[in-house]
Amino acid sequence: MLDAVQSLARLDALACDDYAAQLAAEVAAIDTSEAGLAERDAALAAALGTLDGFAARAMRIRLEHALADDTALPAAFRATLAATVIGYADDLDRLRQRVAGAVVRVAPTRAGDVADAVVAVAEATLAQRAALIAAVLGIARAQAAAALAQARTAAADRTLDDSARARWSSIRQELEAIVAAPARIVGAPWAARVAQHAPVDERPVVAEPSFGELIELD
């Protein structure tokens, strides 16, 4: 879906909800075995990894449109701005100053307008990137939460050997960590993160008897 965006029209038509729905469906199609959970995690981390490249392409497309009739900003400089746009996410004033400084040498009277146009394009690009990142992290949190019950059950399953229960205990802890902080999926590979958790001897969850059941027991 992201690769298909090669024009401003396609960029404007890209719906974050549609992207999220497609990604969620693709990841949900992977099973929730030990290997499957690792594959899901890698797929979501890879999705996050593509968003910086997509932001650079989106910035280039938007710059080409916004400055279509303006020659004050050289093509090479535009390409540099597109490639580095995410570096200005927390400092758009620095971007404005850099652009104005480049334009003022060739078109002093237009420096402010060109800088404002570039910043507006960067704001749109960064906002879209942020929304896509939030969508991916939301999927990571939701799918980790959905897999928790299975992990808890396996970690406490006395029909499994000790090593299997220990692995599922560590997996259960990693899933809970993802629910709390989904951005951790890009911090280290799945196996390394799971290995950070010391397994615990987990006990099956025993439901408390209801009031009616207690009466029947009496």
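## Terms and model

Helices here are DSSP runs of H or I with at least four residues, numbered from the N terminus. The model is predicted.

## The largest pocket

About 220 Å³ of space lies in the largest pocket. Which helix supplies the largest share of the lining of this pocket? That helix is α2, with five residues. Both α2 and α3 supply at least two residues each.

Met-1, Leu-2 and Asp-3 are among the lining residues of the largest pocket. By type, the lining has seven nonpolar, two polar and two charged residues.

## The cavity

A search of the whole structure turns up one cavity of 30 Å³ or more. The largest cavity holds about 110 Å³ of space. The elements giving two or more residues to its lining are α3 (34–66), α6 (111–155) and α7 (162–180). The most comes from α3, with four residues.

The lining of the largest cavity includes Val-27, Leu-37, Arg-40, Asp-41 and Leu-44. Ala-140, Gln-143, Ala-144 and Leu-175 line the cavity too, as do Ile-178, Ile-185 and Trp-190.

## Nonpolar cores

In soluble globular proteins, nonpolar side chains tend to be buried together. The largest nonpolar core in this model has 35 residues. Tyr-19, Leu-23, Leu-44, Val-136, Ile-171 and Leu-175 touch the most other members. Two or more residues come from each of α2 (16–28), α3, α6, α7 and α8 (190–195). Helix α6 gives the most, with 12 residues.

Leu-44 links several parts of this picture. Leaving out residues up to four places away in sequence, Leu-44 touches Leu-23, Val-27, Val-136, Ile-139, Ala-140 and Ile-185. A second, separate core has 24 residues, including Leu-67, Leu-81, Val-99 and Leu-126.

## Asp-116

Asp-116 is found in helix α6. Is Asp-116 buried, partly exposed or exposed? Its relative accessible area is 40%. Buried needs under 20% and exposed needs over 50%, so Asp-116 counts as partly exposed.

The side chain of Asp-116 makes a polar contact of 3.2 Å with the side chain of Arg-96. How far apart are Asp-116 and Thr-32 in space, C-alpha to C-alpha? They are 48 Å apart in space and 84 residues apart in sequence.

Notes: Residues numbered from 1 in each chain as written. Predicted model: local features only at pLDDT ≥ 70, side-chain atom pairs only at ≥ 80, totals over all residues. Heavy atoms only, no water. 1 Å grid on protein atoms, 1.4 Å probe; cavity = no way out; pocket = protein on both sides within 12 Å on 5 of 7 lines; lining within 4 Å. Points joined across faces, edges and corners; volume = space filled by probe spheres on them. Buried < 20%, exposed > 50% of the residue type's maximum accessible area, 1.4 Å probe, protein only. Polar contact = N/O pair within 3.5 Å; in protein donor to acceptor, adjacent residues only side chain to side chain. Core = buried A, V, L, I, M, F, W, Y, C linked by side-chain atoms within 4.5 Å. Contact = heavy atoms within 4.5 Å. Nonpolar A, V, L, I, M, F, W, Y, C, P; charged D, E, K, R; others polar.
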